[in-house]
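Visitor: I am new to this structure and would like to be guided through it with a few questions.

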Amino acid sequence: MIHIIKDQIIAENENLRVATATGDYEDTALIEFYDIKNPDFIAGAFQAQFIIYGGLVYLYNDHIELGNTILEIDPNSTHTSASYVRMNNELLAKMNNGTLEPESLNQTLNAEKENMENQMVDTEKFIEEKERSIEEIEKPIEENVPVENMPEENVPVENETIVEPIPEEVIEQEVLPENIPAIEDVVAPEVITTEEPVSMIKRKVKRKIG
Amino acid sequence: MAKRAAEHFFTGDTVPYSSYDATKTMLGDLIKQYTGATSVDKFAGPMKIGIGRPMEAGVPIASAYPHVLKLSDDKYWIFLSENSTAAATRRIVMYEYVVSSSAFEWNGFITLTFPTATAHTIRGFRVARELYTTGTASVNGTTVTGVGTAWADSGLSVGCRIGFGSTDAAQISTWYEISSINSNTGITLTTDAGIIASGDYVIEDLSIAVSTTNATLTNGGVFLVKGLQPLAFAPGGTTIPAATTIDNIRAVYWLADAGTVTNTISCGLAIDEKDSWTQQYIYVIDGTTTTCRVYKYNIRAPLTSIASGKTTSGFVLVTGAQNPATVVTQINNGRIGTLNHGPGVGVKCLYFVTVSRVFRAELVNITSGNTTWQSDSMTENPPGGSTTYALTNALSSVEVSDTIDRLIVMSSGAAGVRSYVTRYQTSGEQFDHIFLAEDKQLDQNTADSDAVVHPSINASVFSAWVENGIGFLCRNGTAATLNQIYSLPIGAHWAYASGTFNQQLITPKMLTPNAISYSKLYVDSERMLGNGTLGMSLEPFRMYYRLNGIDDNTGSWVIIEDSGDLAYLVPSTEIQFMFEFRILGTTCIPARIYSLSLVYEDNTTDSHYQPSVAQSSTVGKTFAWRFSTAFGGTVPELRVRLYDAVTGSGPLVDDTTVSPAGVWEKSTDDGATWGAYNSNDKANDITYIRYTPLALADDIKVRALLTQN
């Protein structure tokens, strides 16, 4: 299951935006997109998993390898492979610690289900949060914190509120198409780094809201 | 006469056979002269076997169904389609292949996002590359303006590339990707190309057609990928989106045959040549038994009414069902070609296989609803008959090798069954060749370095493509152990080497001045590659000679026995040798020739005799020789010639042991006693012969020459 937001940037394709409505989609569901140079035309469709994670989802023949890789960059991913690996790891950990009980499987499944639900984003709140982020981004550029300088430990835990505005959020903001040119002006080229950090930021936003 | 040797090492100048020069080594297209640091690196022979390992590339992708495009004499592009467990996306891999080094270089891959996101299995796969060069083009920044061009009407796609300055793609050093095709005379580039004056240009239109079956049957069918270029095949991959409503962009289109697809049991896909920029047909065999029929699509038709990437505007027709009586395979089955022999001579046909037959269908018979579209078939019949090689009943695909005018019929490899190369005939004759063998060697990268790369069957299906005589055989495994692609110089096989394709190794002419007789040809060749444990024998070769028509390449070749014996020849002042090689065998490892030596006798004293002053007599006018080297049998007829040593004139006397005018004598006791001459071989080291002419003038200096007659 992948949460897709209308108008979000497509991984590895900074000129492309999601045209399909915001919602939760199967990993392989086709998500339509448009080119910002020609927003009136639907240019094509990528799978939902590609929209978020880019081509890495096609690098692996083994879904466990894929799941592990996704979890490295997005520990709370709702991608099916990531979910599978996360549950598997949890059960293995219990087994290794001698805490595996008959009800452990159900507990793990329920925990995963809860995680999925936590990832479901209230779109309206999401947009509000995004709009607030945009306002903060419009502050002088020197206040921005480059993504590449963010240590891993800065990743907020669930429900923690993010205080620092993060410029990359602009990339995925939920905005109307007519706002896009302005956003493009705000995002300096050097701020756009790789898609993986972008995906990380996206996850932070979700947790903050959820 | 003395024994002489004329040598040739394969280290000198070479020319292609098409530039015949009797002073150089001549090579067919598939014959190479290699060099290197050590003596065993310097040899000539058919090109080495090359290997690519898709499952050991930067991104391991189980690959199959090679489609090869020749870019230049030394550079090919090889495309392979993904062969792993069915999935919603499929990947296409690209290699570059360098003929001179037999090297496969992995470029990368693209990922196809199908308009139907259910699990696809690719059953057929073809690549179309066409060059558009009509008119002229100029550039200002990213704006390209054409004169006499029809870019939009020609169905060129966004995502393809354009180069300027030549109509020859091989001459283009800088390519630009097309970001939009605005009109027949207007193109926009993705990057600034500066200012380029109006002139020649070339657009490379690259597209891929795949036929798939699908977990949801009606989600399968034919898909067309437009707007590709080589750089899209990047090491990290490029994901091609599913098309939606717009034609001629980089996307995956679903060429449906109907609103609900009926082309659901694809067996493979064959592509015809481009007829025009709006017409190029592909043919998809559908149905494995009673419902077997052919779907025809036009991959250059303007696509209209595209919805969610799906359109029926590329569909042309479907034949009626015709039962082939045996099961049609679904392994890249179907190839269009025109053979120059057999029932399909000169006629463009679709060839395909069932498990036990090869079928032919003339393209003109592939018409809507036709239930008799199959022309005829050829039943499997191995060389030597089925009592020599059991019928496989496991044919899997067929490829046309036009350079040798033969079909390459691959089998499933199950239980090690072999594959064939053959003519197409319906007279029940045996197939021409059987090749490949099961020896279980794995050719993964971690194999022992002494193991010799070669296409062992390994109980695996191979898929094949032959381009300009080079067979690209892909073992369709899905693990690193069993997924390799090999290059094999099939066209150099000795049965076809002498045709117009000319895949022979020809030496420069070798001079044999004053030759009286030829003895033997000695050839130094590699006997085994690798070490004693893992080493492997090479395929054999044949040797030929000719004495006439050397300079103008008109002389006929005569085969030489493996003994190398040439003693039966009447010698000439020059001789030339030629080699042909077997490729279609068990290991298929081509032979390697290092050098050759021709041993002959010239018109100085025969090497078996030494002039003897002690036993000669000026008074008696007797000339003697010691019998120094045995012949190993009856002494051949001898001949003596006496010349004036001062003037060189003569011979003054010319006599033989068979019908002598003078007196021939022989001694076996160091000249103590002399008896009548006989042709017995040397008895001991004190055996002598001598000759006294019937008449010889006095007071002259004489040079006596003893030779074989």
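Visitor: Which residue in β53(B) does B:W664 stand opposite?

Guide: In this predicted model, strand β51 of chain B, residues 663-667, is joined by 5 bridges to strand β53 of chain B, residues 688-692, and the two run antiparallel. Within β53(B), the residue that stands opposite B:W664 is B:Y691.

Visitor: What is the strand order of the open sheet of 5 strands in chain B?

Guide: The pairing in this open sheet is antiparallel. Its edge strands, each of which pairs on one side only, are β47 (609-617) and β52 (675-676) of chain B. Read across the sheet, the order is β47-β48-β53-β51-β52.

Visitor: Is B:M543 buried or exposed?

Guide: B:M543 lies in strand β43 of chain B, which spans residues 541-546. Leaving out residues up to four places away in sequence, B:M543 touches B:L521, B:V523, B:I560, B:F577 and B:F579. A residue is called buried when 20 or more other C-beta atoms lie within 10 Å of its own. Because B:M543 has 20 other C-beta atoms within 10 Å, it is buried.

Visitor: How many Å separate the C-alpha atoms of B:M543 and B:F579?

Guide: B:F579 is among the residues that B:M543 touches. Although the two are 36 residues apart along the chain, their C-alpha atoms are separated by 4.8 Å.

Visitor: What elements of chain A do the buried residues of α2(A) pack against?

Guide: Helix α2 of chain A, residues 63-73, has the buried residues A:L66, A:G67 and A:I70. They are on the same side of α2(A), because they cover an arc of only 100 degrees around the axis. The face turned away from this buried side carries the exposed residues A:I64 and A:E72. The buried residues pack against two elements of chain A, α1 (48-53) and α3 (80-97).

Visitor: What percentage of the 210 residues in chain A do buried residues make up?

Guide: Chain A has 8 helices and 6 strands, and from the N terminus on its elements run β-β-β-β-β-β-α-α-α-α-α-α-α-α. Of its 210 residues, the buried share is 34%.

Visitor: How many residues of the side of chain B that touches chain A are charged?

Guide: The contact takes 21 residues from chain B and 16 residues from chain A. On the side of chain B, β9 (89-98) and β10 (103-113) each supply at least two residues. The residues on this side of chain B divide into 10 nonpolar and 10 polar, while the charged ones number 1.

Definitions and conventions. Residues are numbered from 1 along each chain as its sequence is written. Chains are lettered from A and ligands numbered from 1 in the order in which they are written. This is a predicted model: local features need pLDDT of at least 70, side-chain atom pairs count only at pLDDT 80 or more; totals for chains, interfaces and linings use all residues. Two residues are in contact if their C-beta atoms, placed from the backbone, lie within 7 Å. Helices (H or I, at least four residues) and strands (E, at least two) are DSSP runs, numbered from the N terminus. Ala, Val, Leu, Ile, Met, Phe, Trp, Tyr, Cys and Pro count as nonpolar, Asp, Glu, Lys and Arg as charged, and the others, Gly among them, as polar. Two strands pair if DSSP finds at least two bridges between them. A residue is buried if 20 or more other C-beta atoms lie within 10 Å of its own, exposed if 12 or fewer, and partly exposed in between; C-beta atoms are placed from the backbone. The arc is that of the directions from the helix axis to the C-beta atoms.
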